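Here is a short report on a single protein model.

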Amino acid sequence: MSGPPENRPLEDRPLEDHPLEDRIAAGLERDMPEAVRAFAGMLAAETGARAVLFYGSNLRTGSLDGVLDFYVLLPGAPESGIWPRVSYREWIFEGTPLRAKIATMTLAKFRQAAAGALIDTTIWARFVQPSALAFARDTDAAQDVAQAVADASVTAARLAAVLGPECGSAEDYWAALFRATYKAEFRVEKPGRERSILDANAAHFDGLLPLALDRAGIAWQCVGAEYRIDVPAAEQRRVRRWWSKRQRLGKALNLTRLVKASTTFDGAARYAAWKIERHTGVPVTITPWREKHPVLAAPGVLFSVWRRRGRQSGSRSRG
């Protein structure tokens, strides 16, 4: 691939016929509720998507409560500007109400991001974690998604090898990676959040690091449960330069995404209303004006919720 080194993916070689891709492809075929597949199929039919990925805590638990998380991956050339487009959707499947937060982007851009070719850190850091292929248009689409998710594992493992300890468990390396990406992504996470992710997805991460390191061409040794990873000095410098640029620009990029989402988040008012009622018990009426202007409506809505909660608290205390 042409271009300056910092604009190239960290791993350019195809992953076909490698144990890492075999493992990733098998993991993407994990079981999920029929309602999730139906929701993904509906989204794909409406958008002409090549594939839909399902991820997040509901994937792990199998629950349909809360908000389902989808990435809808479209055909076409990689888009420019700020992506993905985010929306919120409610749907009833066989009498069960479902809610979903949906990120939409082209599969081509998703593959670039997963391979580490872009400033973005969110795609490869998110999809080194478990995900499932809820819909694929055809075999080629399924293979392209598996390739991208395998690329995400290689990108993440390469950085984990450089940021991690001189020697340690696989979990120590992954934990170092997640701590670094949290700081770069304008996210505030409780201390130890990275360990809870690893504990909750232990089966997924078990054995993933050596496969990804092999595919990245990085030598390693394991004695007992301790890894010693040998990253040549020149490669360490290259990866640190690559990461330094993403550290510098990551917060600004994610802040820009948040600002854009505040005006382009389809269904934002309904999503906020659901979140408020879930956390406060106070229902919020969605008027046409609130639906059209969720940011402008927010102060009034929050003041109304505050007053209603105060009245409810006063009623309970008098009772």
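**Confidence**

This is a predicted model, in which local features need pLDDT of at least 70, side-chain atom pairs count only at pLDDT 80 or more, and totals for chains, interfaces and linings use all residues. Residues are numbered from 1 along each chain as its sequence is written, and side-chain values use heavy atoms, with hydrogens and water left out. pLDDT is the predictor's confidence in each residue, from 0 to 100. The protein chain has a mean pLDDT of 83. A value of 70 or more is reached by 72% of its residues. Over residues 1-15, pLDDT stays under 50. The model has 34 contacts (heavy atoms within 4.5 Å) beyond four places in sequence for residues 1-15. Where pLDDT is low, the predicted coordinates should not be read in detail.

**Aromatic pairs**

Rings of Phe, Tyr and Trp (its six-membered ring) pair if their centres lie within 6.5 Å; planes under 30 degrees apart count as stacked, over 60 as edge-to-face and the rest as tilted. The count comes to 16 aromatic pairs. Two of them are tabulated.

| Pair | Centre distance | Plane angle | Class |
|---|---|---|---|
| Phe 110 and Phe 127 | 5.1 Å | 75 degrees | edge-to-face |
| Trp 220 and Tyr 227 | 5.6 Å | 50 degrees | tilted |

Phe 110 lies in helix α4 (residues 107-114) and Phe 127 in helix α5 (residues 122-127), so their pair ties together parts that are 17 residues apart in sequence. Helices are DSSP runs (H or I, at least four residues), as are strands (E, at least two), numbered from the N terminus. Phe 110 and Phe 127 are both buried. Buried means under 20% relative accessible area, exposed over 50%, and partly exposed in between (1.4 Å probe, protein chains only). Trp 220 is partly exposed at 29%, whereas Tyr 227 is buried at 11%. One aromatic cluster is formed by Phe 39, Phe 54, Phe 70, Trp 91 and Phe 93.

Helix α2 (residues 34-47) has 14 residues. Its buried residues include Phe 39, Met 42 and Leu 43. The buried residues of α2 pack against β1 (51-55), β2 (68-74), β3 (85-93), β4 (96-106) and β5 (131-136). Gly 48 follows α2, with a positive phi near 75 degrees.

Arg 50 sits in the loop between α2 and β1. At 22% relative accessibility, Arg 50 is partly exposed. The C-alpha atoms of Arg 50 and Ala 136 are separated by 5.9 Å, though the residues are 86 apart along the chain. Beyond four places in sequence, Arg 50 touches residues including Asp 138, Asp 140 and Asp 144.

How values were computed. Expected span 1.5 Å × (residues − 1).
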